Amino acid sequence: MRSLVCDLLQLRLDEQPEGKLHKRLYNAIRLSILDGSLPPQSRLPPSRDLATQLRHSRNTVLTVYEQLLAEGYIVSRSGSGTFVARTVPDSLLFTAETASETRHDVRAISLSHRGEALLAHSSASPRQWGAFLPGVPDVGEFPHALLRKIHNRVSRKPQAMQFSYSPFGGSCDLQQALMEYLRVARSVRCTPEQILITEGIHQAIDLVSRMLCNPGDTAWIEEPAYWGIRNVLQMNGVALQPIDVDLSGMDPPEEIHTPPRLIFVTPSHQYPLGCVMSMERRRRLLAIARQTGGWIVEDDYDSEFRFSGQPIPALQGLIDDAPVIYTGTFSKTMWPGLRLGYVVLPQALAQTLKTAHAELYRSGRLLDQAALAQFIREGHYTAHIRRMRLLYARRRQRLTTLITQYLGKAALSEFNDNAGLHLVLKLEDHHDDIAIARNANEKGVLVRPLSRYYMGDKPQRGLLMGFAAMKEEEMEAAFKVLLGCITKKDINK
Ligand SMILES: Cc1ncc(COP(=O)(O)O)c(C=O)c1O
């Protein structure tokens, strides 16, 4: 069975793809010991298992273990296995002083005020794969070989143009394929000309905020909201006004003092809480945008994954010519490192924002886009989503069962909808979800603290737990590690 240690080491190996295999594995284990990811006395996988999991030869693993044994990082106990040593060679430990010296060096660099603010709120995790990491699809389940085959086919007779910068808006084939897909799957109303291919939602938000907001302009964002979007907006000088979310979604104020230039919402599946925006709220937001001349930015990041009931149609398609900028991504349906997403622009903005996009980002990858268009056209994209929907539904059910079995039903947030790639485990207000998440992270369980998603000083406490990228049979072991970091009294009863 695949272990957390194997996952950790695989991640470390992926972080340094260059160099000889045994050297990379040696570094991966040594650094994990030194930074505490593998704490003293933790057990290393048997060499045969590790070799199988990492697809290395057993000899490579044995050579590395021997070297680490000789240097005192690990010890071998006959009959019971290989363990991290109780104390590791002192001279090599990252001491508190060296850490603070490094920090001091970074501080000495003079950053812009925006840069300082960005780093002060930075939340991106250095680990992007592992137990319960929220929002990650199972990239191993994607039919990579099939997409490669299609890619080879479309690359056989490429046109010179396809190696150049992207024409304004991206590949026409992909725009056409997306228009057809979005009309059926998401009830989005548009022509292919309204679609702009981006490098993901982050880039779409960057473009939209730079082009539509002057520094100091106000944008409404959900409270709580995805920190990534917050960072992009703050970096562009946009003044953020957090608007509370209840079970019906964003609840706009009755009186509007400063009209919002942009309104950021996740109506189909509120991020991170999980609720769906009611029809009444959708209509209210559309009315506000119409009255104030602002734009709603709809972030439809994971709405393909709804495990019961009917799909929730996009806000964009609710009325003709809605003042909505619709953003979507392949990060959840395919894989995040692909860096491909799309924006459906209102007619009035389409040409202008496409021109600005070409000026700012000089994007390309037209062959990748053509292959993806073909992949969608031939029905493989929807087939993959259908298969993942069934798989993720089972995984979600397994995690729900574990939470209720060990912590009681009340530990499941009432906001959780039967959808998405993560759910929220609820904690009482006085508990420190940040400390719990940090502790769990150190043990290789990558949950995220709910309170970090709030701007205001009344955050709800909880943990975001991803379930999509974890096999059902692996969940219980990792869940028990998490349980060791929270006590029963942390849970709402
Ligand atoms: C709500 C939400 N929007 C957008 C994104 C990022 O999308 P992309 O990878 O396309 O930039 C994420 C990533 O997790 C997200 O959670």
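In this predicted model, the residue F330 touches L178, W335, L338, L340, G341, Y342, L372, I376 and Y381, a list that leaves out residues up to four places away in sequence. F330 is also, together with F132 and F479, one of the residues with the most contacts inside the largest nonpolar core, which has 62 residues. Helix α14, made of residues 380-407, gives the most to this core, with nine residues. A second, separate core of 40 residues also exists, and L207, L212, F264 and L349 are among its members.

| Helix | Residues | Number of residues | Span | Expected span |
|---|---|---|---|---|
| α11 | 279-292 | 14 residues | 20 Å | 20 Å |
| α14 | 380-407 | 28 residues | 40 Å | 40 Å |

For α11 the span is close to the value expected at 1.5 Å a residue, and for α14 the span is likewise close to the expected value.

Which residues of α11 are buried? They are R281, R282, L285, L286, I288 and A289. These residues cover an arc of only 160° around the axis, and therefore they lie on the same side of α11. The buried residues of α11 pack against several strands, namely β5 (218-223), β6 (239-246), β7 (249-250), β8 (262-265), β9 (295-299) and β10 (324-329).

**A sheet of three strands**

Elsewhere in the model, three strands form an open sheet in the order β1-β3-β2, with antiparallel pairing. The strands β1 (43-44) and β2 (74-77) stand at the edges, and because each has a single partner strand, one side of each is left without a neighbour in the sheet. Strands of a sheet pair through backbone hydrogen bonds, which may be arranged in a parallel or an antiparallel way. Between β2 and β3 (residues 81-84), the antiparallel pairing runs over four bridges, and I74 stands opposite V84 in β3. Helix α4, residues 58-71, packs on this sheet and touches β1, β2 and β3, and the direction of α4 makes about 105° with that of β2.

Note on methods. Residues numbered from 1 in each chain as written. Predicted model: local features only at pLDDT ≥ 70, side-chain atom pairs only at ≥ 80, totals over all residues. Heavy atoms only, no water. Core = buried A, V, L, I, M, F, W, Y, C linked by side-chain atoms within 4.5 Å. Buried < 20%, exposed > 50% of the residue type's maximum accessible area, 1.4 Å probe, protein only. Helix = DSSP H or I, 4+ residues; strand = E, 2+ residues; numbered from the N terminus. Contact = heavy atoms within 4.5 Å. Pairing = 2+ DSSP bridges. Axes fitted to C-alpha atoms, helices over the stretch in contact; angles between N-to-C directions. Expected span 1.5 Å × (residues − 1). Arc of directions from axis to C-beta.
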